[in-house]
Amino acid sequence: MGIYTIEHGYRKNRRWPLVSFVVLLVIVTTSYALGSPYGKSQLQPQQVAQQLSKPAVALPIEQPKITAPLPWPSYGQAAYGVADDGVLAQSKDAVEAVPIASLAKVITALAVLKQKPLAPGEQGPIITLTEEDIASYREYVAKSGTVVQVEVGEKISQYQALQAMLMPSANNMSDTLARWAFGSVDAYNVYANEMLKELGFSKTIIADASGYSPDTKSTADEMVKIGLLYMQNPVLQEIAAQPKATIPFAGVIYNNNAAINKDGLVGLKIGYTEAAGNTFLAADVRGGDKDRMSVVAVLGANNLSTAMKDAKILLRSGNNGHDVLAKSNP
């Protein structure tokens, strides 16, 4: 209606355009001085997120440094990183170490393979199960922890033990591998903590091999870096991609991490304890470019489906805005 009035006023009095121009100039000048939206403009957080959903060139290079433009979950912690750039973004709460549940098994796998390396296609040494392994099994059953069935004297290869630990997340097989590779779970804890320090992880603390303990902690950003290390190992990459496997005495086991395994997305490890909530570590290997492979960690979700959904959203958003994030974090 305002435009309509001016246009019709112009027919009656030719001074109206000049008066309108002066009024508009006063409004704009005053607004600029007061700092209103008509003055200097600045991208709001939601606008930054919209920009990142488009190709990276949509955001001008001269924009201020962006530290957390991704659609972070409203709970817990999350972080996003890329193989050739490291961690590029993390949620504002990802600063304090928290329980990580079975994400700890990723660290157990890295430590075991550092101590007892395997090449692709190898089964590795045979592990003979003992009374200690049966005791671990019974202990986790009593605590309602995830297990695979074992029997004294049964034999399992190192590769099969890794499958049993990582795919169905068997807590008892974590302890079995730790004892086999290091002599005891306590010795494993010492080794793993030293390994992490050497790798530069200052916030990740190992108190057990399975992650059942609430004292095994990390942060989302350090778990992303650990996930990137995990995906550098071809044996672990192979296991992450397997939907199921067959192992002695337990039969067919299924990969509980693999619900998102499609179109280049790979679930690395799920986890749950009462102290940790639901945790998830996932990667995007789309295109086969290992230098652009991305990893996300989501900690403290209310349920696993939420953690998986948010991980997929973060991977997609981070990958779409990768170049912008990399420029913002030189």
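Tutor: A residue is called buried under 20% relative accessible area, exposed over 50%, and partly exposed in between. The model discussed here is a predicted one.

Student: Is Asp-263 buried or exposed?
Tutor: Asp-263 belongs to the loop between S8 and S9, and its phi is positive, about 55 degrees, although the residue is not a glycine. Because its relative accessibility is 57%, and the cut-off for that class is over 50%, Asp-263 counts as exposed.

Student: In which class of accessibility does Phe-249 fall?
Tutor: Phe-249 also has a positive phi, of about 65 degrees, without being a glycine, whereas most residues other than glycine have a negative phi. Its place is in the loop between strand S7 (244–247) and strand S8 (251–254). With a relative accessibility of 21%, Phe-249 counts as partly exposed.

Student: What average pLDDT does the protein have, and which stretch has a pLDDT below 50?
Tutor: The average pLDDT of the protein is 81, and 75% of the residues score at least 70. The stretch with a pLDDT below 50 has 39 contacts in the model beyond near neighbours in sequence, and it comprises residues 1–68.

Student: Why are the buried residues of helix H10 said to lie on the same side?
Tutor: In H10, which runs over residues 234–241, the buried residues are Val-235, Leu-236, Ile-239 and Ala-240. They lie on the same side of H10 because the arc that they cover around the axis is only 135 degrees.

Student: Which residue caps the N-terminal end of H10?
Tutor: The backbone nitrogen of Val-235 lies 2.9 Å from a side-chain oxygen of the capping residue. The residue that caps this end of H10 is Asn-233.

Student: Which residues form one aromatic cluster?
Tutor: The structure holds three aromatic pairs. One of them joins Phe-182 and Tyr-188 in a tilted arrangement, with 5.5 Å centre to centre and 55 degrees between the planes, and another tilted pair joins Phe-182 and Tyr-191, at 4.6 Å and 40 degrees. Phe-182 is buried at 14% relative accessibility and Tyr-188 is buried at 0%, while Tyr-191 is partly exposed at 23%. The residues of the one cluster are Phe-182, Tyr-188 and Tyr-191.

Student: Over which ring does the charged end of Lys-116 sit?
Tutor: The charged end of Lys-116 is placed 5.3 Å from the centre of the ring in question. That ring belongs to Trp-180.

Student: What backbone oxygen lies 3.2 Å from a polar side-chain atom of Thr-279?
Tutor: Thr-279 is located in strand S10 (residues 277–284) and is buried, with a relative accessible area of 0%. Among the residues that it touches, not counting those up to four places away in sequence, are Ile-100, Ala-101, Leu-103 and Gly-271. The backbone oxygen lying 3.2 Å from the side chain of Thr-279 is that of Ile-100.

Student: With which residues is Ser-136 in contact, leaving aside its neighbours within four places in sequence?
Tutor: Ser-136 has its place in helix H5 (residues 131–142) and counts as buried at 5% relative accessibility. Its contacts, with those neighbours left aside, are Asn-172, Asp-175 and Arg-179.

How values were computed
Residues numbered from 1 in each chain as written. Predicted model: local features only at pLDDT ≥ 70, side-chain atom pairs only at ≥ 80, totals over all residues. Heavy atoms only, no water. Buried < 20%, exposed > 50% of the residue type's maximum accessible area, 1.4 Å probe, protein only. Helix = DSSP H or I, 4+ residues; strand = E, 2+ residues; numbered from the N terminus. Arc of directions from axis to C-beta. Polar contact = N/O pair within 3.5 Å; in protein donor to acceptor, adjacent residues only side chain to side chain. Phe/Tyr/Trp six-rings, centres within 6.5 Å; stacked < 30°, edge-to-face > 60°. Lys NZ or Arg CZ within 6 Å of the ring centre and 35° of its normal. pLDDT = per-residue confidence, 0-100. Contact = heavy atoms within 4.5 Å.
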